[in-house]
Amino acid sequence: MTAGGIDAVEAPERPVALRRPAKAQPRPAAPRWPVEAVQALLELPFNELLFRAQAAHREHWPEGDIELATLLSVKTGGCPENCGYCPQSAEFDTGVKAQKLMSVEEVTRAAQAAKDAGATRFCMGAAWRAPKDRDIEKVAELVQAVKGLGLQSCATLGMLEAHQAQALRDAGLDYYNHNLDTAPEYYGDIVDTRTYQDRLDTLTHVRAAGISVCCGGIVGMGEAPVHRAGLLAQLANLEPYPESVPINSLVRVPGTPLADSEPIDPLDFVRVIAVARILMPKARVRLSAGRQQLGEAVQALCFLAGANSIFYGDKLLVTGNPDVEADRQLLAKLGLQGRDTVASEGGCA
């Protein structure tokens, strides 16, 4: 009996059910820069875009120096790829003959000449689809020779495996260049002997080895404005984005499939430079191939838009480039200074 005179009825025992909360399914992170947002930047009124780009540039690069880098083709021609812009492809008749890898002595002389002319970074390009391990061993010797002169070193050799990237890092390589070329959806119109993912995989191997990344693209290959936005979005959404971002204006070489492409409007090229600066404020944004065709006035606008690196010398791999004296005169006219960046910031081809 209970205090109230009524018998208590015991509730039957029930097993306790432990209900674990449903495990949250990971959602893919939204890109920092959707293509639509990048395209909106490209379409800003020109003066507004340059104002924003210059503000970003001044904030992150207050000294306003211009990095001077020299690029040497250490193994020219005979590449099995079919990149539609490239005169070194074995598939195209461009007059470029296949050559063997240069010797350590030849590269050392070229690197010393570049240093004497004021360059602080020496970049070496080889026309391979993907180097063999024995090729990496030889390039490692070249890297060590360049480093021995007190220069920063960079290489662009094609696709790398993880162990090859590590071997280059062990040799002292500072930067590796591997461009994305264009937006993913336009990539197949330019080359089909490798995939976009192949390029991204190489960048992953380079990052994992501890080598800084130099990665950009080419404009003026017949792409639409949305493809330029797509390229810039891909670059900006890399984690982290590249330390160096070379922007190339297509050099139309007779014999290549893109030889008759319509040139990009010079002001549209400046827009690409400006948006690259806004999206990747801490990167070196480099004026690369095609600078010879831009002229001084457009180059000056590019520097205003945030470009702070140029290739320095009379040739880029196998295409022309403004000579050293012309560059010195232009920088002097604009009141811009080169800077010794050895063991500092980065970039390449």
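Patches consist of residues with over 30% relative accessible area and no salt bridge, with like charges joined within 9 Å and nonpolar side chains (Val, Leu, Ile, Met, Phe, Trp, Tyr) within 5 Å. A salt bridge is a side-chain nitrogen of Lys or Arg within 4 Å of a carboxyl oxygen of Asp or Glu. Lys and Arg were counted as positive and Asp and Glu as negative, leaving out His and the chain ends; each charge was placed at NZ of Lys, CZ of Arg, CG of Asp or CD of Glu. Accessible areas were computed by the Shrake-Rupley method with a 1.4 Å probe, and for residues only the protein chains shown count as cover.

Lys138 is located in helix H4, where helices (H or I, at least four residues) and strands (E, at least two) are DSSP runs numbered from the N terminus. Lys138 is partly exposed because its relative accessibility is 46%; buried denotes under 20% relative accessible area, exposed over 50%, and partly exposed the range in between.

A patch of negative charge on the surface comprises Asp133, Glu137, Glu141, Glu161 and Asp201. Helix H4 (residues 133-148) makes the greatest contribution to this negative patch, with three residues. Asp201 belongs to helix H7 (residues 196-209) and is classed as partly exposed because its relative accessibility is 32%.

Ala155, in strand S3 (residues 152-156), is classed as buried because its relative accessibility is 0%. Apart from neighbours within four places in sequence, Ala155 contacts Met124, Leu173, Tyr175, Tyr176 and Asn177, a contact being heavy atoms within 4.5 Å. The C-alpha atoms of Ala155 and Gly125 are 5.8 Å apart, although 30 residues separate the two along the chain.

Two features of the backbone were also noted. Asp181, which is not a glycine, has a positive phi of about 75°. Asp181 sits in the loop between strand S4 (175-177) and helix H6 (184-187), and counts as buried because its relative accessible area is 2%. The peptide bond from Glu239 to Pro240 is cis, with omega near -5°. Pro240 lies in the loop between helix H8 (225-236) and strand S7 (244-249). Most residues other than glycine have a negative phi, and most peptide bonds are trans.

Residues are numbered from 1 along each chain as its sequence is written, and side-chain values use heavy atoms, without hydrogens and water. As the model is predicted, local features need pLDDT of at least 70 and side-chain atom pairs count only at pLDDT 80 or more, whereas totals for chains, interfaces and linings use all residues.

Technical notes. Buried < 20%, exposed > 50% of the residue type's maximum accessible area, 1.4 Å probe, protein only.
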